[in-house]
Amino acid sequence: MAKILAAVIPEPHASVEVREVSEPELEQGSALLEVELSEVCGTDVYLQQGRLAGVPYPLIPGHVSVGRLDKIRGRMSDVAGRPFAEGERVTFLDVHRTCNACWHCLVAKATTRCPHRKVYGITYGLADGLTGGWAQKLYLKPDTRCIRLGEVDSERFMAGGCALPTALHAVERAGVELGDTVLVLGSGPVGLSVVIFALMRGALRVLCIGAPEHRLEAARKLGAAAALNVETSDEETRAGWVLEQTEGRGADVTIEATGAPVAVVQAMRYTRDAGRVLIVGQYTDHGEVSFNPHLELNKKHLTVRGCWGSDFSHFYRGVQIMADPARSAAWSLLKLDRYRLGEANEALADVAAGKVTKALIAPQA
Ligand SMILES: [Zn+2]
Ligand SMILES: [Zn+2]
């Protein structure tokens, strides 16, 4: 059997190792994907640091990937019922096995909280097979939802990558309306995609507070009206800056995408009375934070919402937007850095240090 190279995190805090994995036997309705590009995001940094619960180490990271269908066993179809053919370029929803049968799926209609769902590269480990994108080939299990890329450029799509469905879901759930001033806290991949989607959804002005400077420049290039460096300003300066930008009221909508618990409180502070706050940056447990519920929440008459994960609808619409050259043009302004499989540790270090805007693993290089 052919050997496939894969980058593996053996256990928390351990360096990534490149290992040889045997090519799997394909089940009915499954496929082998030759990975062209996979992503390195903040979640992968936390996986390596052992900060996520329920992760079955050793694992191959890489949840959002693009590639070419190398082998298909049986029939695999898209949502329109059209069968996929070997050789086609696809991406796939990293969330698998959402059951559509449990209380969360059927009653609460909150499929992203389905207890049966598994995520490639995060809650599927090496014991489940080639289930991460940092590998020459990835095993697409039966019922994995693939989307044909057609004319969609791989790099363009990966410039959005896993941030694309997350940001789309966040902007939608935040209820951004025509003419809103939207404040985005955080200028990582999710924050930057939130800037683009907020404008697409009709925001009049988008403000961004983040770091480092090269990411704020990116936010401005993407259309942010103003951006402030969180590292070189104190809390009072930031609050004053937001008021200055919003005629003394605060933002209509604030979307938090930082990873820092304190930013959740700041998001409430920077939002106008009766405004909306959307939290999408707390995917890892970084501890507690305190706030004044009278002054910062109740009296302000705020709507505060969390946003966990994304489903096929977010992913599907993200790909459709990327297929439109004009609508997806903003993402082509983001700088991408490519790494080989053997350079995965360097990629993780660069992402952790905020040195790069978007890091990609190119397993065939
Ligand atoms: Zn990710
Ligand atoms: Zn379910």
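A salt bridge here is a side-chain nitrogen of Lys or Arg within 4 Å of a carboxyl oxygen of Asp or Glu. Keep that cut-off in mind for several stops below. The model on your screen is predicted.

**Stop 1**

Select Arg 317 and Glu 172. Their side chains meet in a salt bridge, with N and O 2.7 Å apart. Arg 317 sits in helix 10 and Glu 172 in helix 4, so this pair ties together parts 145 residues apart in sequence. How exposed are the two partners? Arg 317 is partly exposed, at 31% relative accessibility. Glu 172 is also partly exposed, at 30%.

**Stop 1: along helix 4**

Stay with helix 4 and select residues 163-173. This helix is mostly covered, with nine of its 11 residues buried. Color the buried ones: Ala 163, Leu 164, Pro 165, Thr 166, Ala 167, Leu 168, His 169, Ala 170 and Val 171.

What covers them? Show helix 3 (154-160), helix 5 (189-200) and helix 10 (312-322), which are among the covering elements.

Now pick Arg 173, another residue of helix 4. Arg 173 is partly exposed, at 33% relative accessibility. Leave out its neighbours within four places in sequence, and its contacts are Leu 278, Arg 305, Gly 306 and Cys 307. For a sense of scale, draw a distance from the C-alpha of Arg 173 to that of Thr 246: the two are separated by 22 Å and lie 73 residues apart along the chain.

Step past the end of the helix. Gly 175 follows helix 4, and its phi is positive, near 65 degrees.

**Stop 2**

**Stop 3: zinc ion, ligand 2**

Select ligand 2, also a zinc ion. Its protein donors are the SG atoms of Cys 99, Cys 102, Cys 105 and Cys 114, lying 2.3 to 2.4 Å from the ion. Their spacing in sequence is C-x2-C-x2-C-x8-C.

Why is the arrangement called tetrahedral? The four donor atoms subtend angles of 103 to 118 degrees around the zinc ion, and that makes it tetrahedral. For reference, the ideal angle for four tetrahedral donors is 109.5 degrees.

Cys 105 is buried, with a relative accessible area of 6%. Cys 114 is buried as well, at 4%.

**Stop 4**

The structure holds 21 salt bridges. Pick out Lys 137 and Asp 70, whose closest N and O atoms are 3.0 Å apart. Lys 137 is in strand 8 (residues 137-140) and Asp 70 in strand 4 (residues 65-73), 67 residues apart. Buried or exposed? Lys 137 is buried, with a relative accessible area of 18%. Asp 70 is buried too, also at 18%.

For another bridge, select Glu 343 and Arg 340, which pair at 4.0 Å, N to O. Glu 343 is partly exposed at 27%, and Arg 340 is partly exposed at 48%.

**Stop 5: a buried arginine without a salt bridge**

Finish in helix 7 (residues 235-245) and select Arg 238. Arg 238 is buried yet has no salt bridge. Which side chain of opposite charge is nearest? Glu 235, at 4.2 Å. Next, show Tyr 270: its side chain joins that of Arg 238 in a polar contact of 3.4 Å. Beyond neighbours within four places in sequence, the contacts of Arg 238 are Ile 209, Leu 228, Val 230, Ser 233, Gln 266 and Tyr 270.

Technical notes: Residues are numbered from 1 along each chain as its sequence is written. Chains are lettered from A and ligands numbered from 1 in the order in which they are written. This is a predicted model: local features need pLDDT of at least 70, side-chain atom pairs count only at pLDDT 80 or more; totals for chains, interfaces and linings use all residues. Side-chain values use heavy atoms; hydrogens and water are left out. Buried means under 20% relative accessible area, exposed over 50%, partly exposed in between (1.4 Å probe, protein chains only). Helices (H or I, at least four residues) and strands (E, at least two) are DSSP runs, numbered from the N terminus. Contact means heavy atoms within 4.5 Å. Donors are N, O and S atoms within 2.8 Å of the metal (3.2 Å for Na, K and Ca); water is not among the atoms, so sites may look incomplete. Four donors count as tetrahedral if all angles lie between 85 and 135 degrees; four count as square planar and six as octahedral if opposite donors are over 155 degrees apart and all others between 65 and 115; anything else is irregular. Lys and Arg count as positive and Asp and Glu as negative; His and the chain ends are not counted. A polar contact is a pair of N or O atoms within 3.5 Å; within protein, one must be able to donate a hydrogen and the other to accept it, and residues adjacent in sequence count only if both atoms are side-chain atoms.
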